[in-house]
Amino acid sequence: MTARDGVVDLRSDTVTRPTPEMRRAMADAEVGDDAYGEDQTVMRLESLAAGLLGKEAALYVPSGTMANQLALRLLARPGTEVLCGERAHVYRYEHAAAGLNSGVQLRPLPDADGTLARDDITRAAAGHAHHLPAISALFVENTHMPASGRPWRVAELDAVTAAARDAGFAVHCDGARIWNAAIAVATSPSELTAGTDTTMFCLSKGLCAPVGSVLCGTRDLIAEARDHRARLGGGMRQAGVIAAAGIVALETMVERLVDDHARARTLADVLGELFPGSIDAATVETNVVCARAGALPPDLLDALAAEGIRAGTIDVETVRFVTHHDVDDAEMGRVVDALHRIARRD
């Protein structure tokens with residue numbers, strides 16, 4: 001794939017387009033009414049996803065946000081708190097949906113390096129004895145997007161999961177980019193999510209499928225999730241047309257994520273060299289590059305746009321670049337050259 005209309009788009013890996021193989025699979029997909037449980041392609045995707053994550057069952061949903069919101073309904077009791085990172089997607093980027101949809105309060109914990117500390121979870125659990133709200137669940141995010149897509153190690157996950165289990169909490173993994181994490185730390189998604197009750201991942205980011213995420217868990221939880229999906233308006237009909245692309249994504253697009261990671265590290269190296277203090281390139285292990293806006297030219301995004309390059313922000317302090325299948329080495333060369341020109345100008 002090459003840049004669309006001459007534009008190199010690094011705002012997100014959600015801008016990827018389906019591959020030719022995905023388009024063929026979509027055109028040829030066997031379909032049925034998924035709300036009746038009759039779409040064979042959707043069922044094949046769900047079975048494939050559950051097996052890869054080591055879970056009993058899975059549910060295809062329109063978005064990662066819906067998957068996280070379903071997990072809140074499944075695992076968190078109304079009137080309780082859910083622990084998560086202070087920069088977690090479920091906390092910052094889901095339009096404050098937790099309280100509205102599930103009657104729960106999110107309690108943020110420090111996540112400066114992209115992980116959570118076992119001691120912070122244990123201290124939070126002790127709070128109920130001192131008149132603080134009860135806690136019912138822990139949400140972890142892997143990779144952790146605002147920490148430049150930092151992947152968790154298995155030992156790190158095991159530590160916080162054990163702390164949560166000791167306190168009686170359920171555990172959900174927002175694994176929107178779990179495949180990036182698995183590639184980066186050379187393990188399987190099933191090992192990274194072995195201690196969770198539910199895990200979701202996105203098909204429409206680095207895996208290039210046009211639509212959808214998958215929520216995985218036990219058969220009972222997924223059966224309940226199907227009812228909640230209907231309540232939220234997420235029931236789909238002949239969804240095999242889009243699920244077919246998800247199957248191709250899982251079968252053909254995982255191993256190539258290493259290319260995105262290498263390009264992101266190159267970009268981080270260049271940013272760190274040209275704009276000291278903007279980023280520690282050593283922290284970039286996957287496909288997300290989050291740079292400190294204060295160390296960058298204030299008009300950087302406009303200057304890049306003038307060169308036909310798109311990037312974005314995730315908060316007032318952070319400029320984000322995300323590498324993906326639709327940006328190749330030549331286009332990354334354009335980005336690097338543009339950054340050099342902007343640095344020389346300043």
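Colleague: Which residues is Asp260 in contact with, leaving aside its neighbours within four places in sequence?
Modeller: Happy to start there, keeping in mind that this is a predicted model. Asp260 sits in helix 12, which spans residues 257-274. Once neighbours within four places in sequence are set aside, the contacts of Asp260 are Thr286, Asn287, Thr323, His324 and His325.

Colleague: Does Asp260 count as buried or exposed?
Modeller: A residue needs a relative accessible area under 20% to be called buried. The relative accessibility of Asp260 is 0%, so Asp260 counts as buried.

Colleague: Which strand gives the most to the lining of the largest pocket?
Modeller: Two strands each supply at least two residues of this lining: strand 11 (312-315) and strand 9 (288-292). With three residues, the strand that gives the most is strand 9.

Colleague: How many residues in the lining of the largest pocket are charged?
Modeller: Sorting the lining of the largest pocket by class gives seven nonpolar and three polar residues. The charged residues in this lining number eight.

Colleague: And which residues are the closest to the centre of the second largest pocket?
Modeller: The second largest pocket holds about 340 Å³ of space. Among the 23 residues that line the second largest pocket, the closest to its centre are Thr14, His89, Ala176, Arg177 and Lys205.

Colleague: What gives the most to the lining of the second largest pocket?
Modeller: By class, this lining divides into seven nonpolar, 10 polar and six charged residues. Helix 3 (64-75) and strand 7 (198-202) each supply at least two residues of the lining. The element that gives the most, with three residues, is helix 3.

Colleague: Why do the buried residues of helix 6 line one face of the helix?
Modeller: The buried residues of helix 6 (residues 118-126) are Asp120, Ile121 and Ala124. Looking down the axis of helix 6, they line one face because they all fall within an arc of 100°.

Colleague: Which exposed residues are on the face of helix 6 turned away from its buried side?
Modeller: The cover over the buried residues of helix 6 includes strand 3 (81-85), strand 4 (105-109), strand 5 (135-141) and helix 7 (154-167). On the face turned away from that buried side, the exposed residues are Asp119 and Arg123.

Colleague: How many Å separate the C-alpha atoms of Val171 and Leu138?
Modeller: Val171 belongs to strand 6 (residues 170-174), and its relative accessible area of 1% makes it buried. Leaving out residues up to four places away in sequence, Val171 touches Leu138 and others, among them Leu75, Thr161 and Asp197. Although Val171 and Leu138 are 33 residues apart along the chain, their C-alpha atoms are separated by 4.9 Å.

Colleague: Some backbone checks, please. What is the omega of the peptide bond that joins Asn142 and Thr143?
Modeller: Thr143 is placed in the loop between strand 5 and helix 7. The bond joining Asn142 and Thr143 is cis, with an omega of about 0°.

Colleague: What is the phi of His95?
Modeller: His95 lies in the loop between helix 4 (89-92) and helix 5 (97-102), and it counts as exposed at 80% relative accessibility. Ala96 lies in the loop between helix 4 and helix 5, and it has a positive phi near 55°. His95 is not a glycine, yet its phi is positive, at about 55°.

Key: Residues are numbered from 1 along each chain as its sequence is written. This is a predicted model: local features need pLDDT of at least 70, side-chain atom pairs count only at pLDDT 80 or more; totals for chains, interfaces and linings use all residues. Side-chain values use heavy atoms; hydrogens and water are left out. Buried means under 20% relative accessible area, exposed over 50%, partly exposed in between (1.4 Å probe, protein chains only). Helices (H or I, at least four residues) and strands (E, at least two) are DSSP runs, numbered from the N terminus. The arc is that of the directions from the helix axis to the C-beta atoms. Contact means heavy atoms within 4.5 Å. Ala, Val, Leu, Ile, Met, Phe, Trp, Tyr, Cys and Pro count as nonpolar, Asp, Glu, Lys and Arg as charged, and the others, Gly among them, as polar. On a 1 Å grid over the protein atoms alone, a cavity is a set of points where a 1.4 Å probe fits but cannot get out, and a pocket is an open set with protein on both sides within 12 Å along at least five of seven lines; lining residues have an atom within 4 Å of a point. Grid points are joined across faces, edges and corners, and a volume is the space filled by probe spheres set on the points.
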